Amino acid sequence: MTQLPSPRLTWRDDGSPVSSDFGDVYFSAEDGLAETQHVFLHGNHLPHAWAASPHFTIGETGFGTGLNFLCTWALWRETASPSQHLHYVSVEGFPLSRDDLERALEKWPDLAYLSTQLLARYPSPTRGTHLLHLDDNVHLTLLADEALSALTNFTGQIDAWFLDGFSPACNPEMWSPDLFREIARLSRTGTSLATFTVAGIVRRGLTAAGFEVHKTKGHGRKREMLTGRFTATSQPDKNPPWYQLPPPRACNGPIAIVGAGIAGAAAAHALRQYGFNVTVFDAQGIGSGASGNPAGLMMPRLAADHSPDGRFHVAAYLHTERFLSQLNNSDVFQAGGILQLARTEEEAARFSAIARLGHLPHDHINLLAPHQVMQSVEVETKFPALFFPKAGIVYPEKLLEQLLADGPSHTNKEDPSFYRAEIAGLVQTRNGWKLIDKDGSQHGPFMQVIIANGTGITQYPQTAHLPVEPIQGQLSLAPADTLPRFGPAISAGSYIISLPDGRTLFGATYTRVRGAEPVLPRIDAHHRNIASLASALPALSGPLAILDPVQLDGRVAYRAQVPDRIPFAGPAPDHEAYLHAYDRLRHGDRFADYPPAPCYPGLYLMGGLGARGFSTSLLLADLLAAQISGTPLPLARDLLEAVHPARFIVRALRKNT
């Protein structure tokens, strides 16, 4: 992910912007609102087209000022039922800055209520996929990239197209045959389109791609416009067969989630946003595992390259930061920044490379010289540091409460959407999945089940193949006023968090273990935490030496880690069926006549979060909700492969291991 250039604009006296780069207007100076309504809303027969759809998806080429989106949202508010969901997918290679967007939308005061929400959530111009959840069950997916690249890497099915790039004469790349082929790929039979242009290259290109197009009455000075409908057969998924998604099942069936930590809570929150009925199961209660720590860090894990790993973590971090900042609740998230200190010359060089690559927006990352670190936190260091001003401290108990605000309480009697039960088995039936608890009681059937119970995810026959390793971590809690207080949290191998009550949280240990049985804090682990923090922050050696490990409070929990350190989320692969279906991969045969991915119908997985659960769970949960509902996916295709639960099987086959 890198920063995209904002367009160079000139402004007319009437307040409308003009692109200096393309020499074209963003909307009609005479009546842009009426033009949008005529060309795109009426041209696609809205709202009639979405009247009976639980999930309706619009695709747009050229987000621009967002006027088309806001007009569509306004019509949706007037006509859609409370149970319907609108998914609006828009491409933009030159995103307006927030200030320019605000200035452009001031021209439309009737849309001020909606534009205020859009501006509050509008992302920085970072290349990638940005999913925004708005009021009225409206979900806006901004594909910040050149149009062809964005649509080539996008997964979803569009019901209606707004083709609204600058005119073909000014910006021919937005009207190329390659782009029309991608538009066709993302269309179903019957998908509609509308556009202001009737240029011959557009008519011929759309016809060649499978659309039947017609000239109709235009708006204002434009005598004609085009409308059309996709009449060809829908094209298959572009993903490799082993990563293709199963077709969505009935959207109104109940869903069970096993696990009430950050993964399960995020999944429940996302699915409820999409209108699903969710029940959560956990043997120990809400936030009983690693998600039950007093506090945690929400910060990005950055790579000094453009690998899928690094790009995924950037996307997840930005998605989570946007959600937490909108809460505006310091009891849940304290955005005081996080300072990540380099400890070696090699690490310092990597930090410098990360800063140069520009993975994060400029207001999300600063490279600090040693003297700036000293000025910031009065910590002496000979190496530079990365400062993440919008990262911060998460308070897990409050975050889980927020995510489950409309869901589980702690007892069965108070809330039937949560059960304190240990799920020992999963049984597939004709009507869905039944969950069997350790006492033999059955729950369900459920149309879909999500297994999101951390290190316990491999206890079922359907999931035993997953290479999830339990990593034991113990953190230490120093009494109030025994250690210096820092404004930002500090990460340097160890981390240190100054809690609001004056205590200091630091750690944590990293210990590979064979099992994941709960254990009490150990004195030797406190010693290790003290030594590690003293090594990272020598200035604290004196106060740390006074601490008595015997008197320290602490907590032990288990992280679920996978070999490549990238979490997984998606349909549960049938391990034996995968081995049979894709056996030719052992011999390097990528082009055999392979069948679609053999997955357990209605069974989904989310895990391997490691130490980054608070910064990755929300995006992974939105990914699962989109997969289950059959709506646009919030990750590019290569990132979908990077987090797919079947990747471990595919890699093993390719290595013939």
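## Serine 115 and helix H4

Serine 115 lies in helix H4, which covers residues 112-121. The description that follows concerns a predicted model. With a relative accessibility of 7%, serine 115 counts as buried, because the cut-off for that class is under 20%. Apart from residues up to four places away in sequence, serine 115 touches Leu70 and Leu105.

## The eight-stranded sheet

The model contains an open sheet of 8 strands with mixed pairing, arranged in the order S6-S7-S5-S4-S8-S9-S11-S10. Its edges are formed by strand S6 (128-134) and strand S10 (211-217), each of which pairs on one side only. On average, neighbouring strands of this sheet are turned by 20° against each other, with direction ignored.

Helix H6, residues 177-185, packs on the sheet. The strands touched by H6 are S4 (55-61), S8, S9, S10 and S11 (224-230). The direction of H6 makes about 130° with that of S9.

## Strand S9 and its two partners

Strands of a sheet pair through backbone hydrogen bonds, in either the parallel or the antiparallel sense. Strand S9 (residues 187-195) pairs in the parallel sense with strand S8 (residues 158-163), over 5 bridges. S9 and S11, by contrast, run antiparallel and are joined by 4 bridges. S9 is mostly covered, with 7 of its 9 residues buried.

Individual residues show how these strands are placed side by side. Tryptophan 161 stands opposite leucine 193 in S9, and phenylalanine 162 stands opposite alanine 194 in S9. Alanine 194 in turn stands opposite threonine 227 in S11.

## Nonpolar cores

The largest nonpolar core comprises 79 residues. Within this core, the residues with the most contacts are Leu271, Phe312, Ile450 and Ile497. Helix H16 (residues 613-629) gives the most to the core, contributing 10 residues. A second, separate core has 66 residues, among them Trp50, Ala80, Phe154 and Ile158.

The surroundings of phenylalanine 312 can be listed in detail. Leaving aside neighbours within four places in sequence, phenylalanine 312 is in contact with Ile566, Pro567, Thr616, Leu619, Leu620, Leu635, Leu639 and Val643.

## Helix H16

At 1.5 Å a residue, the 17 residues of H16 should span 24 Å. The end C-alpha atoms of H16 are 23 Å apart, which agrees with that expectation. Glycine 630 follows H16 and has a positive phi, near 70°.

## Helix H8

Helix H8 (residues 262-273) has 12 residues and reaches 16 Å from its first C-alpha to its last, close to the 16 Å expected at 1.5 Å a residue. Of these 12 residues, 11 are buried, so H8 is largely enclosed by the rest of the structure. The buried residues of H8 are Ile262, Ala263, Gly264, Ala265, Ala266, Ala267, Ala268, His269, Ala270, Leu271 and Arg272. Leu271 is also one of the residues with the most contacts inside the largest nonpolar core. H8 is followed by glycine 275, whose phi is positive, near 90°.

Notes
Residues are numbered from 1 along each chain as its sequence is written. This is a predicted model: local features need pLDDT of at least 70, side-chain atom pairs count only at pLDDT 80 or more; totals for chains, interfaces and linings use all residues. Side-chain values use heavy atoms; hydrogens and water are left out. A nonpolar core is a set of buried Ala, Val, Leu, Ile, Met, Phe, Trp, Tyr and Cys residues joined through side-chain atoms within 4.5 Å. Buried means under 20% relative accessible area, exposed over 50%, partly exposed in between (1.4 Å probe, protein chains only). Helices (H or I, at least four residues) and strands (E, at least two) are DSSP runs, numbered from the N terminus. Contact means heavy atoms within 4.5 Å. Two strands pair if DSSP finds at least two bridges between them. Axes are lines fitted to C-alpha atoms, for helices over the stretch in contact, and angles run from 0 to 180 degrees between N-to-C directions. The expected span of a helix is 1.5 Å times one less than its number of residues.
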